[in-house]
Amino acid sequence: KYALVYTLFVIYVLCTSCERQNKISLPTDSIKSETNDAVTSYGPSSAVRTIKQDRKGNIWITSWEGVFLYDGKSFTNITSKISSARFFSLLEDRNGNFWFGSIGSGVYYYDGNSLPTGQAGIQNFTTKDGLLNNDVVSIYEDKNGDIWFGVFGGASRYDGKFFRNYVLDGNVMYEDRTGKTFPDRPPYEVTSIIEDKTGKFWFSTRGNTFIYDGKTFSVF
């Protein structure tokens with residue numbers, strides 16, 4: 001009887017040990033903090049909107065408490081010294097730069113090379129710079145490398161120098177070249193953007209889905 005119990009115990013220990021060894025560990029090749037208070041053993045405790053893995057294997061989280069980076073060991077609040085805004089969307093572009101979309105404070109550009117402190121290492125774009133609206137709910141990079149922002153009131157396209165804005169007005173969507181921006185929150189928003197194989201852009205909203213062929217918008 002005792003031999004059977006002992007044998008089962010040994011099998012249990014061996015199986016448990018194997019399971020531990022087979023667990024995948026995330027890479028630790030990531031940004032290291034320059035300030036101790038930005039690094040914690042826990043992540044955000046309130047609303048999380050986006051979770052993505054970067055090309056190095058690190059996990060990025062946008063939340064109401066900021067943008068968190070998880071390297072497999074600890075969490076770093078990347079935006080703790082920059083902004084108290086609620087963050088919603090996230091993109092790593094083809095060059096390894098990061099874009100963080102916020103609610104009320106526009107979009108933040110981060111080169112990903114070092115932990116930003118104050119205004120060093122990060123740049124903020126708002127309606128003052130030509131962004132259509134400061135509530136940024138989605139971010140997308142197209143085949144040309146332009147960055148698109150889905151915002152309340154429509155969408156903005158950034159080519160590295162200037163913004164081109166596309167206004168959503170109920171059942172229609174159109175390009176605006178007058179420099180119009182929305183300091184307040186309009187009733188409509190672009191929640192997602194993709195470019196298909198033919199080069200057409202698709203915009204999802206709370207109402208219609210729009211297709212843009214580079215010249216005109218149509219309702220799908």
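Reply: Let's go feature by feature. Keep in mind that this is a predicted model.

Me: Start with β7. Is that strand buried or exposed?

Reply: For a strand, go through the residues and ask how many are buried. Here 6 of the 6 residues of β7 are buried, so the strand is largely enclosed by the rest of the structure. Then look at each face: Phe98, Phe100 and Ser102 are buried on one side, and Trp99, Gly101 and Ile103 are buried on the other.

Me: Which strands pair with β7, and in what sense?

Reply: Check the bridges. β6 (residues 86–92) pairs with β7 in the antiparallel sense over 6 bridges, with Ser89 partnered by Gly101 of β7. β8 (residues 107–110) also runs antiparallel to β7, joined by 4 bridges, and there Trp99 has Tyr109 as its bridge partner.

Me: And what about the turns?

Reply: Look for a glycine with a positive phi. The β6 and β7 hairpin has 5 residues between the strands, and Gly96 takes a positive phi near 85 degrees. In the β7 and β8 hairpin, with 3 residues between the strands, Gly104 sits in the turn with a positive phi of about 100 degrees.

Me: Okay, the core. Which residues have the most contacts inside the largest one?

Reply: The largest nonpolar core has 14 residues, and Trp99, Val107, Val136, Ile139 and Phe149 have the most contacts inside it. Two or more residues each come from β10 (136–141), β11 (147–151) and β13 (163–169), with β11 giving the most, 3 residues. Another core lies apart from this one, with 13 residues, including Ile82, Phe87, Phe100 and Tyr110.

Me: What is Ile139 in contact with, beyond its sequence neighbours?

Reply: Leaving aside neighbours within four places in sequence, the contacts of Ile139 include Leu91, Trp99, Val107, Trp148 and Phe149.

Me: How many aromatic pairs are there?

Reply: The count comes to 25 aromatic pairs. Read each by distance and angle: Trp99 and Tyr158 are edge-to-face, 6.1 Å centre to centre with 70 degrees between the planes. That pair links β7 to β12 (residues 154–158), 59 residues apart, and both Trp99 and Tyr158 are buried. Trp148 and Phe201 are tilted instead, at 4.6 Å and 35 degrees; they join β11 to β16 (residues 201–205), 53 residues apart.

Me: Where do charges sit over rings?

Reply: Arg86 lies over the face of Trp64, 4.8 Å from the ring centre, and the charged end of Arg185 sits over the ring of Phe152, 4.1 Å from its centre.

Methods:
Residues numbered from 1 in each chain as written. Predicted model: local features only at pLDDT ≥ 70, side-chain atom pairs only at ≥ 80, totals over all residues. Heavy atoms only, no water. Core = buried A, V, L, I, M, F, W, Y, C linked by side-chain atoms within 4.5 Å. Buried < 20%, exposed > 50% of the residue type's maximum accessible area, 1.4 Å probe, protein only. Contact = heavy atoms within 4.5 Å. Phe/Tyr/Trp six-rings, centres within 6.5 Å; stacked < 30°, edge-to-face > 60°. Lys NZ or Arg CZ within 6 Å of the ring centre and 35° of its normal. Pairing = 2+ DSSP bridges.
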